[in-house]
Amino acid sequence: MLRVTLFSAVLAAASATRLESLRLRGGQQKEKVCIIGSGNWGSAIAKIVGRNVLDRDQFEDEVTMWVFQENVDGKNLTDIINNEHENVKYLPGVKFTDNVVADPDLTNAVQGATLLIFVLPHQFLGRICPQMTGMAKGCRAVSLIKGIEFENGGPVLISNLIKENMNGMDVSVLMGANVANEVAQDEFCESTVGFKSKANGEIFQKLFDCPTFRIGTINDVAGVELCGALKNIVALGAGFCDGLGLGGNTKAAIIRIGLKETAKFAKMFFSGVQDDTFMESCGLADLVTTCFGGRNRKCAEAFAKGEGTWDEIEAKLLNGQKLQGTITAKDVATVLKTKGKEAEFPLFMRIHEIAFEGKAVSSIIDL
Ligand SMILES: NC(=O)c1ccc[n+]([C@@H]2O[C@H](COP(=O)([O-])OP(=O)(O)OC[C@H]3O[C@@H](n4cnc5c(N)ncnc54)[C@H](O)[C@@H]3O)[C@@H](O)[C@H]2O)c1
């Protein structure tokens, strides 16, 4: 009798644990979110996502955030985040909800996750992806990374790199006119989810959308992602204009030419790119905001004023953040030269010449 009772108790406990671990609610598994990265944008998005999951039934309350451990004033950054609910290094002055839990152990942070948010400079991806095991079956990802890689003379999307490194996981992208500090202050803006799987695009829309951060969706991962990557080149051109003291008309011209070259580049190298994408937040709107604010514009202005090399300017102005536009400008110029397409991209090529080949900054307007 005792054995039967014990057996039933064990069965009941196992079943409860299984139910708990499956996080069943109304027959549906709840989504468990893990943010991979905790810089300026990763932290801003942690504020939005941490708040959103608390009032949406399909998400678990706890959001884990993998943090590259750093020492800040003698303390671990993860301890500061978990005690003060603030990333004092990368997003000072902004509080997370306390369901956002920082974890320096990547393998631990992703355990059981069904939704991964990749938001870190892409140069670190190669090292971190192999450490990511233990996610739930059917786990999907969204990349917030603005960058691009080049292999065999052609561009490679960061979302594709993630997919390849994560056993074919479906990867959507989120890009838009989203300067992190403004998003974190709940200043109204829009953003765009580019998806391949409509259902996954909709899940990410639900995860990110709120009254101050409105999310549109479009079936075009490549177009959305390339807008996010290439705008950093155009922002260098805008920064050169600022350094030269040129006005709004000139910058508007740089933005217009930059948007056309972005669309041309995307269509030249990828199929399925839609014209509509360039009028979404990820396209025109992101280009405008990046050319007026943002780190690439700021550093290019300093470069135009002769304030140092790119490395010196990055170290002086960005407090550990990374400058993406210069790397992208170099890679894009290389691929355009390889393909013999320089003449079709006069702005991209000119920005590269100014940034890396000693061409006068004033030549930005000789297009
Ligand atoms: N900041 C923005 O306004 C913004 C907006 C939209 C998209 N993005 C994009 O989001 C991505 C992340 O940018 P961010 O602004 O959050 O980062 P960031 O430049 O503010 O911070 C750098 C991050 O890299 C981490 N790091 C440093 N060394 C590392 C290492 N060896 N291994 C792993 N991680 C390391 C740091 O801990 C930090 O989290 C970029 O692709 C960026 O273009 C940024």
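User: What do the domain bounds here come from?
Analyst: Domain bounds come from an automatic or database domain assignment. The model itself is predicted.

User: Why does the ligand lie between domain 1 and domain 2?
Analyst: Residues of domain 1 (16–219) and of domain 2 (223–365) both belong to the shell around the ligand, so the ligand lies between the two domains.

User: Which residues come nearest to the ligand?
Analyst: Asn40, Trp41, Arg127, Ala180 and Arg295 come nearest, out of 23 residues around the ligand.

User: And which helix gives the largest share of that shell?
Analyst: Helix 2 (residues 40–54) does, with 3 residues.

User: How many shell residues are nonpolar, polar and charged?
Analyst: The shell has 12 nonpolar residues, 6 polar ones and 5 charged ones.

User: How much of the ligand's area does the protein bury?
Analyst: The protein buries 90% of the 840 Å² that the ligand exposes when taken alone.

User: Which pocket holds the ligand?
Analyst: The ligand sits in the largest pocket.

Notes. Residues are numbered from 1 along each chain as its sequence is written. This is a predicted model: local features need pLDDT of at least 70, side-chain atom pairs count only at pLDDT 80 or more; totals for chains, interfaces and linings use all residues. Side-chain values use heavy atoms; hydrogens and water are left out. A residue is near a molecule or strand if one of its heavy atoms lies within 4 Å of it. Accessible areas come from the Shrake-Rupley method with a 1.4 Å probe; for residues, only the protein chains shown count as cover. On a 1 Å grid over the protein atoms alone, a cavity is a set of points where a 1.4 Å probe fits but cannot get out, and a pocket is an open set with protein on both sides within 12 Å along at least five of seven lines; lining residues have an atom within 4 Å of a point. A molecule sits in a cavity or pocket if more than half of its atoms lie within 2 Å of its grid points. Helices (H or I, at least four residues) and strands (E, at least two) are DSSP runs, numbered from the N terminus. Ala, Val, Leu, Ile, Met, Phe, Trp, Tyr, Cys and Pro count as nonpolar, Asp, Glu, Lys and Arg as charged, and the others, Gly among them, as polar.
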